[in-house]
Structures are given as C-alpha cells and as structure tokens.
Amino acid sequence: ALFLMLANEETLHERIFVQMLADVDRSETIRTDPGEYVAYLLEYFTSDVLFATNRAEELPPRPAPGDALDFGMRRELDSITYYAQAKNVMSDRQAAVVDKIIEEERGHFLKLAEFKRSLQKR
C-alpha cells in the first residue's frame, strides 16, 4: 500500500512537471537562457540519469523488504537533489512549485524510513 501511494504521488509530480513545461511563459524571468531551460526540463523526461527504467536491476536477485525500502529511499534522495538543482534555472513561480514537490519527496523518504524501522523492530 505504501509503494502504491508513493507511485501515485510520483505520477502526480510528473504531471506537474509536464504542465510546467507546457506553461513556460516567455515573458517570465528565468535564471538561464530560455533554450537551456527548456532543454534542461526536457532532459528530466528523456534521460536515464535520474529515472532510468532499469533501476530495478540495482536490487539484489531476491530483495528483502529492507532492500526495496533502501532502494526507494535512494530514489527519493536522488529526486530531491535533482529538483533542488532544477530550481536554479526556473522562474521564481516555478521554483515555488518545485519547493512543494521537494517537501513531498522528503515526506516520502521519511515514510519509507519509518516503515523500514518498523520492520526492523519485528
């Protein structure tokens, strides 16, 4: 249930970023060249640097629940790092949206860590 909830929230984050890219207001002040800005956001969706589809290969052949939780926690931290960097090229308005997403990602990390601790107590 926890992983399904997190997956649904990540899908929402993806929609937010797609909408942000579609809503780029050319009159809005961004912190870099507009072409670089659009290229940077597009890279978010097209590269395997952060959200590779083969990341499950990083898990051991027979992962224990703790392995899956560690994997999820690493992905949340990767996301936070990426979003914090992405804010540097965004407008102030869009950076404020990303700040909210970063807070949600921190919450995801904490939920995973809490669940891992609860498993370790069993």
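Student: Hi! What should I know about the model before we start?
Tutor: It is predicted, so local features need pLDDT of at least 70, side-chain atom pairs count only at pLDDT 80 or more, and totals for chains, interfaces and linings use all residues. Residues are numbered from 1 along each chain as its sequence is written, and side-chain values use heavy atoms, with hydrogens and water left out.

Student: Okay, which residues are buried in helix 1?
Tutor: L6, H13, F17, M20 and L21 are buried (under 20% relative accessible area, with exposed over 50% and partly exposed in between, using a 1.4 Å probe and protein chains only). Helices here are DSSP runs of H or I, at least four residues, numbered from the N terminus.

Student: Where do they sit around the axis of helix 1?
Tutor: The buried residues of helix 1 fall within an arc of 95 degrees, so they line one face; the arc is that of the directions from the helix axis to the C-beta atoms.

Student: And what is on the face turned away from the buried side?
Tutor: That face carries the exposed residues L4, N8, R15 and A22.

Student: Switching topic: how many salt bridges are there?
Tutor: The search finds 4, each a side-chain nitrogen of Lys or Arg within 4 Å of a carboxyl oxygen of Asp or Glu. One of them joins D70 and K116, with the closest N and O atoms 2.4 Å apart.

Student: What does that pair tie together?
Tutor: D70 lies in helix 3 and K116 in helix 4, so the bridge links parts that are 46 residues apart in sequence.

Student: Is D78 buried or partly exposed?
Tutor: D78 is partly exposed, at 28% relative accessibility, whereas its salt-bridge partner R75 is buried at 17%.

Terms used: Helices (H or I, at least four residues) and strands (E, at least two) are DSSP runs, numbered from the N terminus.
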